[in-house]
Amino acid sequence: MGALGQKIIAAAAGILFVLLAVATAGAQDYTQQVPGTSRNQAMMDALNQAASNPFATDEDEELADTTKKERKVRKPLESYFFDDSLRQEGSFAWNVDMYRNKVTRAVIDTLTTGFQITYPFLINGIGDEHQGPLGGASVPLSYFDRPNYENFNFGQAYDTYNLFPDRALFFNVKRPLTIFTYLTAGQKQKAEENFGITHAQNISPSTGFNLDYKSRGTRGVWNWQKMRAKNLSLAASHTGKKYSVHAGYIYNTIQNNENGGIWDVEGFKNPEEQVEQPNVVRTNLNDAYNLIKDNTFYVTQSYGVPLRKLTEDDFSIADQSSIFFGHAFQYSRWHRVYTDTRAQSLIDENTSSTLPQGERPSFYEDWFYSTTTRDSIAEILVSNRLFVQIQPFDRDGIIGTIDAGVGMDNHIYYQFTPDAFLQGPANVKKTGYYAYGSLEGKFRQYLSWGGDVKYPPTGYRSGDLKLGADLSLSAFIKGKPLTLSGRFSHDRRSPSYWSERYFSNHFAWSNSFNKENETRIEASFTMPWAGFELSAYQSVVNNKIYYLAHDGTIDPVQATESVSVTGVYLRKDFRLGGFHFNHRVMTQWSSSQEIIPVPLASAYVSYFFEFNIVRNVLRAQFGFDGRYNTKWYAYGWDPSSANFYVQDPDKREKVGDYPMIDIFLNAKWKRMRILLKLEHFNDDMFGTRNYFSVPTYPQNKRVFKLGFSWSFYD
């Protein structure tokens, strides 16, 4: 790491140290407070004590002070971020916005319903197209949920695991909170393991810290398929009456063996073939390996200046005219290494055994610099932002906040190129400048609205544009909300650096692409109390950049035609006594499946019966989950470039039209959630093994899974 990186890390560490020092300084007042006693209640206690002894003298009070510790008033949580109802909760969590002075409420996952969904890429909506095992790459089946990374797009396929500053959780807890989770499945030598621990603790009502660690992966269901995704988040926050700061460190890593899929797909689908030991099924690659690492330091802080003098009656400045001044900083370093050898990537070693090893056909057609691959790239982002937020009246008023900011991003890209043989490796540096702003407000619980814009006038990615606007209207029937909401967005974006310039042992390209343009309209109608949601989406994309397999290679290409994608999503949950019938269904149309492929229909259902085993002690849910999507030309997966690609139009194959059924038993015993699950229950029951989500990558066979998640509040 260079001198610049060391200085940045030292600065970030210094900020964290100062934050913790400030937090510790305030710890004494908090730890000596009377638990559960508010400021008003403490005053009432003092008045009652005086009334009970009207003849008390100053001497009596002095004697009392010498034999009794002074009771200090508990300082309340006065942050303008949180309303009264949220302050009263025992514990709550949120995410921070790195562009403006705002936080968003997040869910602390302690619910029984949905606990059986153990793969993160299957939690939201209708789920993802995925490699199969935990820790593998995936891409959402819904086009409208697919990520589009501006930076380090090699990590995009692992988006479901990646942590970023705006995804990191911050907590406010009245008592220390610890959540410990462990799930396992399969035999020991190829077991799947899902481990996680979260700990949150407050030093004062406004200051706290937390740790969140997850390790998810498998030892290898199929041959050479060991995968592991690890994430660590260390975070600290102070949300005071005027000053707030959020700071943290994030570590992401992906460690995956890449087998390139199975070699004999048609033979595998044949129900007469025995597949008793999945790890002996022949695969295309037998020593390929992907390693992706990320280290991120970040801090965002703001200070509020009320526009009138506060009085003792002003509990918070959330309802006072104020101006907030803020700064955000982020340092991220992504690093990726891919390795393989030609000797372990033969397509058919039997029919090619008479040829010299160097002439036998292999999984990759090109080996540019060696029969042993070690491709290494790195990307560094150093971001600084200054922003101001104007709160004209009430933070929850019709004009709640007006935000504006400027930012500077420094990018450093490293990769090995043929020039490095003569000149040595060189870094490519780019600097971008941008301005952004937003408006938002609400009218009671009936209306909320917002708008945002981001524009870089000069430097790297100059001319890009992000526009957005949203509106939400609510009505109430007997106190139950019905909400109609909509959003418009327009995104003009520069191509990613790696889609234009890349050199590796198997692929090399040098492109000059135009900017992509996408306009999207979304509308939804929800009735949360009825478990109902209906959403419609429409997107038009020009100059779409995508990865395409053709002529034995994979390259990024740019579409010359506009592509329109339409989607309709429906969620409806029914309940009849203890029976639950939950449904998520989506249908999509793409004007060009050769550019943006989508399945016509996808569905997820969860049917279960909920009942008490021991009343008020042990409650359980027993039922099954089902997933299905129609046949479609799904994306292929390339290990070397770590990207999903559109299949070669001359060789493409459809996957899908296969239901995946799981049987599960969820239970909650006091604060512990327990899971027993038979995954892929219908394996080998339908006369076919066509359970491919990604071409050549079969999903897991039938396996028994068990685990628990235990929450501690002390």
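The largest cavity has a volume of about 450 Å³, where a cavity is a set of points on a 1 Å grid over the protein atoms alone at which a 1.4 Å probe fits but cannot get out, and a volume is the space filled by probe spheres set on the points, which are joined across faces, edges and corners. This is a predicted model, in which local features need pLDDT of at least 70 and side-chain atom pairs count only at pLDDT 80 or more, while totals for chains, interfaces and linings use all residues. Residues are numbered from 1 along each chain as its sequence is written, and side-chain values use heavy atoms, with hydrogens and water left out.

In total, the structure holds five cavities of 30 Å³ or more. Lining residues have an atom within 4 Å of a point, and the largest cavity has 37 of them, with L122, H130, R627, M660 and Q699 nearest its centre. Several strands (DSSP runs of E, at least two residues, numbered from the N terminus) give two or more residues to this lining, including β3 (128–130), β27 (601–614) and β31 (660–669), but β28 gives the most, with five residues.

The table sets out the two linings by class, with Ala, Val, Leu, Ile, Met, Phe, Trp, Tyr, Cys and Pro as nonpolar, Asp, Glu, Lys and Arg as charged, and the others, Gly among them, as polar.

| Cavity | Volume | Lining by class |
|---|---|---|
| Largest cavity | about 450 Å³ | 14 nonpolar, 14 polar, nine charged residues |
| Second largest cavity | about 50 Å³ | three nonpolar, six polar, three charged residues |

Among the residues lining the second largest cavity are F81, D97, R100, H246 and F387, and β11 supplies the largest share of that lining, three residues.

Turning to the cores, a nonpolar core is a set of buried Ala, Val, Leu, Ile, Met, Phe, Trp, Tyr and Cys residues joined through side-chain atoms within 4.5 Å, with buried meaning under 20% relative accessible area (1.4 Å probe, protein chains only). The largest has 70 residues, of which Y158, W498, I596, W637 and F644 touch the most other members, and strand β23 (residues 545–550) gives the most to this core, with four residues. Five of the six residues of β23 are buried. Six bridges join β23 to the antiparallel strand β24 (residues 553–558), and Y547 stands opposite P556 in β24.

Methods:
On a 1 Å grid over the protein atoms alone, a cavity is a set of points where a 1.4 Å probe fits but cannot get out, and a pocket is an open set with protein on both sides within 12 Å along at least five of seven lines; lining residues have an atom within 4 Å of a point. Buried means under 20% relative accessible area, exposed over 50%, partly exposed in between (1.4 Å probe, protein chains only). Two strands pair if DSSP finds at least two bridges between them.
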